[in-house]
Amino acid sequence: MTITNDDELQSLREIGRIVADTLAAMGRALEPGMTTAELDAIGRDILEKQGARSAPETVYGFPGATCISINEEVAHGIPGDRRIAAGDLVNIDVSAEKAGYYSDTGASFTVPPVDRRIERLCRDGKRALWAGLGQVGAGKPIAGIGEAVGRFAQKNGYTLVRNLASHGIGRSLHEEPKEIATWPERSERRIMQKGLVFTVEPFLSLGADWAEHEGDDRWTLYAEPRAPTVQYEHTVVATANGPLILTLPG
């Protein structure tokens with residue numbers, strides 16, 4: 001989607017705020033002993049009270065309002081009876097629709113006490129996101145995002161999961177430009193047009209470079225090779241002054 005008027009921008013701001021508020025509330029509610037289904041119910045309640053609908057549930061039939069992935073799970077974890085424990089690394093991904101507009105955000109949280117290397121991974125996951133966001137702007141190359149994240153990862157001794165990409169969003173959950181790499185991609189030649197709406201969501205890891213399904217579960221993705229992995233995500237608009245971040249809590 002490319003924004004063409006202020007009404008579109010305001011609608012995107014509204015759904016962006018809703019998913020950001022939902023993510024923040026779920027992060028605050030995290031505690032040992034609760035199930036991922038209980039955590040998901042908190043997110044669902046907030047979305048519904050704001051008049052929004054879970055995007056993965058309505059678009060893809062995902063069995064939950066939000067995606068909650070723990071430890072070895074890197075993305076698209078199904079809410080259920082798994083209990084969150086002290087020391088867990090929990091990723092929460094919230095995407096939703098309201099009045100025909102979509103937004104997507106995510107973050108990784110720790111449940112204390114956690115190893116120092118996991119604390120550092122979370123800190124640097126946020127830094128990797130901002131490295132990518134710093135390359136967003138009208139007229140800039142899309143490739144700059146992955147190049148900046150790649151430089152950060154290499155400099156700090158991390159790997160990047162290379163089959164989970166950022167994507168266009170706006171009038172649908174996934175739309176053009178599809179497959180925006182958050183790793184160096186030499187074949188990328190596209191330019192960000194003014195008003196372009198998309199996500200930036202690098203997956204920073206302590207060793208994984210791929211995500212794959214396991215067994216009969218067609219949703220949950222696991223780090224390959226198995227290694228702690230974090231994701232932080234914003235929905236943004238490319239402007240002449242850089243990124244306009246839509247997914248900030250209100």
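1. Some ground rules. This is a predicted model, where local features need pLDDT of at least 70 and side-chain atom pairs count only at pLDDT 80 or more, while totals for chains, interfaces and linings use all residues. Residues are numbered from 1 along each chain as its sequence is written, and side-chain values use heavy atoms, with hydrogens and water left out.

2. Back to Glu175, which belongs to strand β8 (helices, H or I of at least four residues, and strands, E of at least two, are DSSP runs numbered from the N terminus). Glu175 is buried but has no salt bridge. Buried means under 20% relative accessible area, exposed over 50%, and partly exposed in between (1.4 Å probe, protein chains only). A salt bridge needs a side-chain nitrogen of Lys or Arg within 4 Å of a carboxyl oxygen of Asp or Glu. The nearest side chain of opposite charge is Arg171, 7.4 Å away; Lys and Arg count as positive and Asp and Glu as negative, with His and the chain ends not counted.

3. Two cis peptide bonds to check. One joins Glu176 and Pro177, with omega about -5°, and Pro177 is in strand β8. Another runs from Glu224 to Pro225, with omega near -5°; Pro225 is in the loop between β12 and β13 (229–231).

4. On to the largest pocket, with about 610 Å³ of space. Grid points are joined across faces, edges and corners, and the volume is the space filled by probe spheres set on the points.

5. Who lines the largest pocket? There are 29 residues, with His76, Leu164, Ala165, His167 and His174 nearest its centre. Elements supplying at least two lining residues each include β7 (166–168), β8 (175–180) and β12 (217–224). The lining splits into twelve nonpolar, ten polar and seven charged residues (Ala, Val, Leu, Ile, Met, Phe, Trp, Tyr, Cys and Pro are nonpolar, Asp, Glu, Lys and Arg charged, and the others, Gly among them, polar).

6. His76 also deserves a backbone check: phi is near 65°, positive in a residue other than glycine. His76 lies in the loop between β3 and β4 and is partly exposed at 35% relative accessibility. Asn71, in the loop between β2 and β3, has a positive phi of about 50° although it is not a glycine. Asn71 counts as partly exposed, at 26% relative accessibility.

7. The second largest pocket has a volume of about 220 Å³. Of its 16 lining residues, Leu23, Thr105, Gly106, Ala107 and His234 are closest to the centre. Strand β5 gives the largest share of that lining, four residues. By class, the lining has ten nonpolar, four polar and two charged residues.

Conventions:
On a 1 Å grid over the protein atoms alone, a cavity is a set of points where a 1.4 Å probe fits but cannot get out, and a pocket is an open set with protein on both sides within 12 Å along at least five of seven lines; lining residues have an atom within 4 Å of a point.
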